[in-house]
Amino acid sequence: MKSITLAHGNGGEENGRLIEELFYKHFHNPILEQAEDAALIEKGRLAFATDSFTVTPLFFKGGDIGKLSICGTCNDLAMMGAKPKYLTCAVIIEEGFEMPLLEKIVLSMRSELEKNGAIIVSGDTKVVPKGSVDKLFINTTGIGEIRYQGISANTLSPDDVIIISNSIGKHGATIFLEREGMEFSTALESDCRSLWPVVEKLIEANIRIKAMRDATRGGIAAVLNEWAKQSDICIEVEEENVPVSPEVKGVCELLGFEAFSLANEGTFLIAVDPEDALKTVELLRSMEASCMAKVIGKVTNRHPRKVLLKTPYGTTRFLELPSGELLPRIC
Amino acid sequence: MSSLSLRELYEGFRDPRTIRALVKKIEIEADKLGRDIHIMEVCGGHTHSIVKHGLHQLMPQNIHFIHGPGCPVCVLPKERIDHAYRLAMQSDVILVTLGDMIKVPGSKGSLQDARAQGADVRYVYSPLDTLRIAKENPDKKVIFFAIGFETTTPMTAALVGHVINEKIDNIFFHINHITVPEPMKVLLDAKRSKIDAFIGPSHVSVISGAKIYKVFPEAYHTPVVVCGFEPVDILEGILMLLKQRNDNRCEVEIEYTRSVTPEGNLVAQKLIDTFFEKRNHFRWRGIGDIAQSALQLREEFAYLDAEKIYSDLLPNHQIDDHKQCICGEILMGAANPCECKLFGNACTPSSPLGSCMVSSEGACAAYYRYGNMR
């Protein structure tokens, strides 16, 4: 009998198959099948997204589950060009959870809501017996108002320029180290942050945005592969242009990870019209949240549905969708 | 060695200009050689590095890589993976192993599947973390499923030492440690073998020293250069092998001098010798039975040996791979992953049928993941 393994939640290959072969199969409808970060509803006037949060540890360098739960859903809306407006919040709490911790998490949520100009308008609380959940699970669902139309993972075309907003892999590396109790570097922290303020500036500057996606689970490898498949195009990435911090590089070297597959919570990819590329990078770099922005590649026809990674010494390889559970390699 | 910073690693051992300069030198020596040369990188770490960085794309037409058997989870036969699964499924057992082992499927499933069925499976970065797990779970039997070549063996030996000295009564061992030189000999002896030279493993040699390869130039007339894992290391190693051929030399050389000596880590070697002895036989997936190629706990430590304690539970009949699988041929250099009918169709990294697809260090998995874009 087949059963669910942790690999089914990795944001990569197995995760994608589960969604397609089970959820899409039984829930199919034209809106769902667009497979965007947030669904466009009401004739494209509103964006609608949901996300659930479970993280160990609950508090990590650069954030906590509360901040994450607001950033996650609000960023999914922002990535569709929508201003986050109304959120619901459902919490499942394990018996015995300490009240002061819960309040700290809720305050962290409030502070992040303010950055987005969004409010919680409905909620639900469930408490379950000890051992039924791991401390605390949070779900948030949000509605945003579309401020820029036409963003889609399905319509990238040759010559579009691919830009990364910041250095990659910080959230994934931070969580892994904290979970395993490994202390390497004090400089490493999660990039967890709300992206609407950045997106708002891009829209105000009339940037022609083709696609935008925050590189959460599965990292930029997952997003680039999703774009390549959904738009039936090839994305060619110059490896040396992808910013990776020395701390993340160190974690990857030691544990055998690829920074491309590590999760981010406030770093996003944006595809723009080539004429707007320079302006986009300059604008992004003027903001702290995206100060390391860089053009990392472009859309071509070379290998449709594939992502190619080009090294500075003239070799090329596929950047594959991450598969399996994230495990350190020893031997 | 102690002063090597990460920055130097990137700016030195992956420097594009150095890489291009080395490729130029390799082209000159390869041209001088004037015939084909088949170089086996024994270690999976090298295979991964070659394919990931696309180094094979930079080679002149007459240099061919043969991807060796040096990935410890790839060569572990299915019946032994089943041992891990069966032990993990015991309700009073916590199975502890290294991360590499978690995804590898046996005939019943992987440890990941066992965990989904409720088994308590944990991976550790350092085997000594097993001590903590055992202390926290005094009512459980903690079995350390040990895998790896000479590189990881000393860590297991250190854990055995702790268990004995501290009289810990709930840690047991299932030993799957294997050694590098024996399969190299078997591959050279094979009739269809095309191997002309070896790139010797990096981390294994840190422990065992480069001396373990002396037999290859002496008895097989096959040179060995021990290289580091970085692109510059590997290219420099290839250059050294070509120069040996062109100078009519045949010897063991060390490129990875920042970590490897001829003698190796004598303290680690002694530790291994204290607790382990050679097994008469060990079956290698994709190759077959190889004498004296693996280790087991010495007889006096049999009371710690889960393989003996649970012998009723752990059948040893051979479970073979798919009939069409050509991993054996690939390991001998007689075939390329792309020539296999199963490659990329029935056999993929998420459902591997043969040993070379099992871990990211296997040749087929590396080709699948990074594309063979020569």
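Visitor: Where in chain B is Ala210(B) placed?

Guide: Ala210(B) is in the loop between H9 and helix H10 (215–220) of chain B. Helices (H or I, at least four residues) and strands (E, at least two) are DSSP runs, numbered from the N terminus. This is a predicted model, in which local features need pLDDT of at least 70 and side-chain atom pairs count only at pLDDT 80 or more, while totals for chains, interfaces and linings use all residues. Residues are numbered from 1 along each chain as its sequence is written, and chains are lettered from A and ligands numbered from 1 in the order in which they are written.

Visitor: Why is Ala210(B) called buried?

Guide: A residue is buried if 20 or more other C-beta atoms, placed from the backbone, lie within 10 Å of its own, exposed if 12 or fewer, and partly exposed in between. Ala210(B) has 22 C-beta neighbours inside 10 Å, so it counts as buried.

Visitor: Which residues does Ala210(B) contact?

Guide: Two residues are in contact if their C-beta atoms, placed from the backbone, lie within 7 Å. Leaving aside neighbours within four places in sequence, the partners of Ala210(B) include Gly200(B), Ser205(B), Val226(B) and Pro262(B).

Visitor: What makes E3(B) and E5(B) a pair?

Guide: Two strands pair if DSSP finds at least two bridges between them. Strand E3 (residues 93–98) of chain B and E5(B) have four bridges, in the parallel sense, so they pair. Here Leu95(B) stands opposite Ile143(B), and Val96(B) opposite Phe144(B). E3(B) is joined to E4(B) by five bridges, also in parallel, so this is a pair too. There, Asp120(B) is the bridge partner of Ile94(B).

Visitor: Why are E4 and E6 of chain B called edge strands?

Guide: The open sheet has four strands in the order E4-E3-E5-E6 (chain B). Strand E4 (120–124) and strand E6 (171–177) of chain B each pair on one side only, and these are the edge strands. From one strand to the next, the twist averages 20 degrees.

Visitor: How do you know that E3(B) is mostly covered?

Guide: Six of the six residues of E3(B) are buried. Val93(B), Leu95(B) and Thr97(B) point one way, while Ile94(B), Val96(B) and Leu98(B) point the other, and all are buried.

Visitor: What makes the unit of E3(B), H5(B) and E4(B) right-handed?

Guide: A crossover is right-handed if, with the strands pointing away from the viewer, the path from the first strand over the helix to the second runs clockwise. E3(B), H5(B) and E4(B) make such a right-handed β-α-β unit.

Visitor: Which strands does helix H7 of chain B touch?

Guide: Helix H7 (residues 153–165) of chain B packs on the sheet, touching E5 and E6 of chain B. Its direction makes about 160 degrees with that of E6(B), where axes are lines fitted to C-alpha atoms, for helices over the stretch in contact, and angles run from 0 to 180 degrees between N-to-C directions.
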